[in-house]
Amino acid sequence: MKKRPDFLAHAVLLLGVLLFMFPIWVAFAGATQSAAAINRGAISLVPEFRKLGVFVQALSFSNANAPVWHMLLVSFFMALAIAIGKIVISALSAFAIAFFRFPLRMVAFWLIFITLMLPIVVRIVPTYAVMSDLHLIDTFPGLTLPLIASATATLLFRQIFIAVPDELVEAAKLDGAGPMRFFWDVLLPVSRANIAALFVIEFVYGWNQYLWPLLVTTKGGLNTIVIGIVQMITGDQLIPWNLVMATTILALLPPILVVLAMQRWFVAGLTEADK
Amino acid sequence: MERKTLFRGWLLPAALVAPQLLITFVFFFWPAGQALVESTQATDAFGLSTMFVGASNFLALLTDPDYHAAILRTAFFCVAVTILAMAAGLLFASFANRAIKGRFLYRTALIWPYAIAPALSSVIFVFLFQPQIGMITNLLARFGVNFNYTANGSQALALVILIAAWKQVSYNFIFYLAALQSVPRSMLEAATLDGARGLHRFRTMIWPMLMPTTLFLSVTNIVYAAFDTFDVIFALTGGGPGTSTDMLVVKVYRDGVINLDLGGSAAQSVLLMAGIIALTALQMRLTRGRAT
């Protein structure tokens, strides 16, 4: 017996796809139209394909503080620094907590865990004061360092490290491997999939930051692309909407590409890490 | 659970946890401690002297009708966002879990929005709803509906709820899909017969199996709506017009960073801290249930 296609399922899912594609499509199509047409309230859903050059043009567009290409680079290096930083310090601390018995081990574990309960909004003014005392305002370390602590990543690594079979550890010890050799040659390779997943999650997290950069950057040089775009649409002057839309598309692409490229690890990692 | 095979020594592990602990102390515990101290202090109008005022910042906050209104507004916002985002996530997940053609494409198409920056979600919706250029605004105008979130408070609130929920759908989709994939195939097929009977079976057979995920997501979504929606709201409305989208996290920023009311803002921080501690504790209890 041949089954007829599940029309209801297709209808609902297409609606879902549209719910997310449509707004992005409007931005894409709008980017290729003239600012004047958009200002008249006449955005067309049909893009003008001969004006795709707007996406290159947008790179040198500036929000009065910094050009778009510069803000994209700042966002990229910030996201990279945060993702790598989180993975490195979390893997190291989880290794220490899982594989050693040292004084105050559980205290260290809980201190890291508690950071989950201290998001930036609950310590906003005093954090700014600390940053200012340390002269970290308007610096790249100031932008990234405070976002590198990660309870979630530490918990995930600890969970993986605890499950590593005893035989593997014994074998490494018999081979005369010290703890760091073991960490490097055994632990990291077995956690490859989780590291990939964490990289996606944290890269997206870093790229998408808004509140923190808003707080610690006052000059244009360290403006991230997210900050830059929000500034573009809140100015008083006439807004060149087509360039803003093109910039928005450019800003959306990197994290989306990272998620698409590593979807399988990302999904497994997300449902695992957030437990 | 703990490991049995271990390495010896304490100097090396201490050095390994040091970087994380250092960042944690400098940027988390020190400022949080400062918030506690500042919440009991008041600074004079010129910022010259600071004095201890005990619980008066808290009393002022808890007797302030504006703060009551912000709490109620935030609670309404959280419930609305959570229900919308979870219902959409479950709806799409249950259809994307059926054995239909192209289901992998559908899944990808519903997962990538996870990568959209919350602040940029608002920017994208500006393109649709901006009073002058917005595509949907202009469409609504043709039907005689005047949509202007920069002037109309309830429209602003509705739009902020919509965007915050929109942003969270893919997260819920991923978790519900993962949960559905662990439901036995035969059970699913029995429940996917279309029509009223299928719906009834979904409610009696599948829904109870999804309960742990639903509970877990409820807390995660409330935490998200309460604490992680600053970007969405601030980028779209800045808390306005008036105070119509002034949620607790926006208010703490406006009072502390923009209006420089340090004591009041610190007291708000402390109350928010208490809120998130309670929610995290709840989440931990639920998670323990989910893991078993």
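**Figure 1. Fold and overall dimensions of chain B in the predicted model.** In chain B, 66% of the contacts with a separation of 6 or more are between residues 24 or more positions apart; a contact means heavy atoms within 4.5 Å. The model is predicted, so local features need pLDDT of at least 70 and side-chain atom pairs count only at pLDDT 80 or more, while totals for chains, interfaces and linings use all residues. Residues are numbered from 1 along each chain as its sequence is written, chains are lettered from A and ligands numbered from 1 in the order in which they are written, and side-chain values use heavy atoms, with hydrogens and water left out. Chain B has 13 helices and two strands, taken as DSSP runs numbered from the N terminus (helices H or I, at least four residues; strands E, at least two). A box of roughly 75 × 70 × 30 Å along the principal axes holds the C-alpha atoms of chain B.

Figure 2. Of its 292 residues, 53% count as buried, where buried is under 20% relative accessible area, exposed is over 50% and partly exposed is in between (1.4 Å probe, protein chains only). Chain B exposes about 13200 Å², and 68% of this comes from carbon and sulfur atoms; the areas come from the Shrake-Rupley method with a 1.4 Å probe, and for residues only the protein chains shown count as cover. Chain B carries 19 positive and 12 negative charges, whose mean positions are 22 Å apart. Lys and Arg count as positive and Asp and Glu as negative, without His and the chain ends; each charge is placed at NZ of Lys, CZ of Arg, CG of Asp or CD of Glu.

**Figure 3. Interface of chain B and chain A.** Contacts link 91 residues of chain B with 110 residues of chain A. The two chains bury about 9200 Å² between them, 78% of it on carbon and sulfur atoms; buried area is the accessible area (1.4 Å probe) that two parts lose on being put together, summed over both. Arg3(B), Phe7(B) and Gln20(B) supply 10% of the area that chain B buries against chain A, more than any other three residues.

**Figure 4. Salt bridges between the chains.** The interface of chain B and chain A has four salt bridges, each a side-chain nitrogen of Lys or Arg within 4 Å of a carboxyl oxygen of Asp or Glu. One of them pairs Arg3(B) with Asp166(A), with the closest N and O atoms 3.1 Å apart. This pair runs from the segment before helix 1 (11-38) of chain B to helix 9 (residues 166-174) of chain A. Arg3(B) is buried at 5% relative accessibility, and Asp166(A) is partly exposed at 27%. Glu2(B) forms a salt bridge with Arg101(A), the closest N and O atoms being 3.5 Å apart.

**Figure 5. Salt bridges within chain A.** Over all chains, the structure holds nine salt bridges. Arg50(A) and Glu48(A) form one, with the closest N and O atoms 3.3 Å apart; Arg50(A) is exposed at 71% relative accessible area, and Glu48(A) is partly exposed at 25%. Asp185(A) and Arg181(A) also meet in a salt bridge (2.7 Å, N to O). Both lie in helix 10 (residues 179-190) of chain A, four residues apart, about one turn of the helix. Asp185(A) is partly exposed at 42% relative accessibility, and Arg181(A) is exposed at 52%. Elsewhere, Glu48(A), Arg50(A) and Lys51(A) are joined into one network by salt bridges that share partners.
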